[in-house]
Amino acid sequence: MSIFSNNIRFLRDKRELSQQSVANELSISRVRYSKYENGVSEPPIELLIKISKYFHVSIDLLVSVDIRKYPVEDMLKLPDNRIVLPVAVDDLGNDTIEIIPQKASMGYLEGYSDVGYIESLQRIALPFLTNGKYRAFPADGDSMPPFRNGSYIVGKYVEGIDELKPGKTYVFITLNDGITYKRFKEKKGNNICVSADNSFYEPYDIPFEEIVEIWQYASGIFPEDFEPDDYDNYNFKEMFRELKQDIRQLDKKVSGRRKSK
């Protein structure tokens, strides 16, 4: 058994996944994947890269460090255990703000660590944003008013989970949800709890191992005005949420009376 084989077995067990499910994600057979876990063979570099991205652990850690000996919160240093964050500069060498395309936002999960991908993005400069690295992400959905479809959230890069501040808003890049904009509430074990400003949505937890990058809100770009009627839409959803809760409570009371009879 090698360090690599022990590591991927550990990571798979940590997520409570079967060998078949991991093999499916890597587009290989279960038998082939099991040989990597058993140390019978080593994956080619192309597959090693896919395994690294899938488990969100850098290649150097996968092949050289026994990650079973380290707490997951210490091992997962954002983003993707990388030492260098790919950035783009203008012809004069000045840092610029990359804009993630609205229609191809999910592609960011594939290209966030690729210098070529980052350099291909459109860029802008905002002189009032200094002392940090910034990137613009598309808003999607209605969970964080006043941002709506077509808006962009400019975030400042956050080095690690320990830098998160309760009550502040962040763009979270996660393996399952892609780009999501939420308010940080608290750390809970190996998870962080986040919430939407739209109370129609319930707070939820994000496991450390699913987090790719974190960007703290710095500014917003609004191509269209946010109309007062938009708030009425949010209020309607809040009323709908309360109505659902009332129905659940009524259903419990009715069920309780039936059982007592």
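Lys-133 and Glu-98 form a salt bridge in which the closest N and O atoms are 2.8 Å apart; a salt bridge here is a side-chain nitrogen of Lys or Arg within 4 Å of a carboxyl oxygen of Asp or Glu. This pair links distant parts of the chain, with Lys-133 in the loop between strand E2 (122-124) and strand E3 (134-138) and Glu-98 in strand E1 (residues 97-99), 35 residues apart. The structure is a predicted model, in which local features need pLDDT of at least 70 and side-chain atom pairs count only at pLDDT 80 or more, while totals for chains, interfaces and linings use all residues. Residues are numbered from 1 along each chain as its sequence is written, and side-chain values use heavy atoms, with hydrogens and water left out. Helices (H or I, at least four residues) and strands (E, at least two) are DSSP runs, numbered from the N terminus.

Glu-98 has a further partner, Arg-135, and the side chains of these two residues meet in a salt bridge of 2.7 Å, N to O. Here too distant parts of the chain are linked, as Arg-135 sits in strand E3 and Glu-98 in strand E1, 37 residues apart. Arg-135 counts as buried because its relative accessible area is 0%, and Glu-98 is buried because its relative accessibility is 0%.

Lys-188 is partly exposed because its relative accessibility is 36%, and Asp-205 is partly exposed because its relative accessible area is 35%. Arg-9, Arg-12, Asp-13 and Glu-37, in turn, are linked in a network of salt bridges. A search of the whole structure finds 8 salt bridges.

For the chain as a whole, the secondary structure comes to 9 helices and 9 strands. Of its 261 residues, 42% count as buried. Among contacts (heavy atoms within 4.5 Å) between residues at least 6 apart in sequence, 63% join residues at least 24 apart.

Helix H3 (residues 30-37) has Tyr-33, Ser-34, Tyr-36 and Glu-37 as its buried residues. These cover an arc of only 155° around the axis, which puts them on the same side of H3; the arc is that of the directions from the helix axis to the C-beta atoms. The buried residues of H3 pack against helix H1 (3-14), H2 and H4. In H4, the buried residues are Leu-47, Leu-48, Ile-51, Ser-52, Tyr-54 and Phe-55. Seen down the axis of H4, these residues fall within an arc of 165°, so they line one face of the helix. Their cover includes H1, H2, H3 and helix H5 (59-64).

Glu-16 has a positive phi near 60° although it is a residue other than glycine, and its place is in the loop between H1 and H2. Glu-16 is exposed because its relative accessibility is 73%. Ser-27, also not a glycine, has a positive phi of about 60° and lies in the loop between H2 and H3. Ser-27 counts as exposed because its relative accessibility is 61%.

The largest pocket has a volume of about 470 Å³. On a 1 Å grid over the protein atoms alone, a pocket is an open set of points where a 1.4 Å probe fits, with protein on both sides within 12 Å along at least five of seven lines, and lining residues have an atom within 4 Å of a point. The lining holds 16 residues, of which Arg-15, Glu-25, Lys-53, Tyr-54 and Leu-175 lie nearest the centre of the pocket. Helix H2 (19-26), helix H4 (45-55) and helix H7 (108-111) are the elements that give two or more residues to this lining. The largest share, 4 residues, comes from H4.

How values were computed: Buried means under 20% relative accessible area, exposed over 50%, partly exposed in between (1.4 Å probe, protein chains only). Grid points are joined across faces, edges and corners, and a volume is the space filled by probe spheres set on the points.
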